[in-house]
Amino acid sequence: MPAQPRRAAKAPPVPAHPTPAAAVATGPQRQGLDRFDLAILDILQHDNTTPQRLIAKAVNLSAPAVQRRIKRLQDSGVIRANVAVLDPVKVGMPLTIVLEVHLENERPDRTAPLRARIAAEDAVQQCYSVTGEADYLLVVNVASMADYEALTRRLFEGDDNVRRFRTSVSLGCLKAGLRVPLQGAQDTAG
């Protein structure tokens, strides 16, 4: 029997985005972000492997000042992670599926088990608590429909709080991005 490849250590989950109310309360000026921070963030969002000396030159600061700012942005949670963004098709996960999950009851004690299963599931790329008819919106990547069926069993089977879920299979990707627009933030930052 051939040796099995070692699984990489699981990275800690990236914290969820703040709620809209929290985002308003912690806008750029309240986070202490100035135009230099925003310029550095813009460069890092484009390519976080950009050498600090090149960032320093682009924003007219010294390299040590850029390093201190990046460290502060990481420590404060403005920069949530430094990751490689993979092409799911090229790593054997060609199906992107969007699920609408409808619950019977939204009480935290009734939704906690489902939220824990979703958070622990690697195939779930994004999960949003949403307004409107559905309660959660999930984006998942899987290798096959059989894998998707197994995923839905793991997430929903036996949970009497899940009323129903609706599946939409992506026919193609028009845009997938991780960049946070900073243009409006520059208008309000110092």
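**Group meeting: one predicted chain**

Of this chain's 190 residues, 26% count as buried, meaning under 20% relative accessible area with a 1.4 Å probe, protein chains only. Some ground rules. This is a predicted model, where local features need pLDDT of at least 70, side-chain atom pairs count only at pLDDT 80 or more, and totals for chains, interfaces and linings use all residues. Residues are numbered from 1 along each chain as its sequence is written, and side-chain values use heavy atoms, with hydrogens and water left out.

Confidence next. pLDDT is the predictor's confidence in each residue, from 0 to 100. The chain's average is 86, and 81% of the residues score at least 70. Residues 1-30 stay under 50. For that stretch the model has 16 contacts beyond four places in sequence; a contact means heavy atoms within 4.5 Å. Where pLDDT is low, the predicted coordinates should not be read in detail.

Now the layout. We have eight helices and four strands. These are DSSP runs: helices are H or I, at least four residues, and strands are E, at least two, numbered from the N terminus. The order is α-α-α-α-α-β-α-β-β-α-β-α. Take contacts with a separation of 6 or more: 67% of them join residues 24 or more positions apart.

Helix α3 covers residues 35-46, and helix α4 covers residues 52-59. They pack at about 135 degrees, axes 10 Å apart. Who touches whom? On α3, Phe 36, Ala 39, Ile 40, Ile 43 and Leu 44. They meet Ile 55, Ala 58 and Val 59 on α4.

Methods
Buried means under 20% relative accessible area, exposed over 50%, partly exposed in between (1.4 Å probe, protein chains only). Axes are lines fitted to C-alpha atoms, for helices over the stretch in contact, and angles run from 0 to 180 degrees between N-to-C directions.
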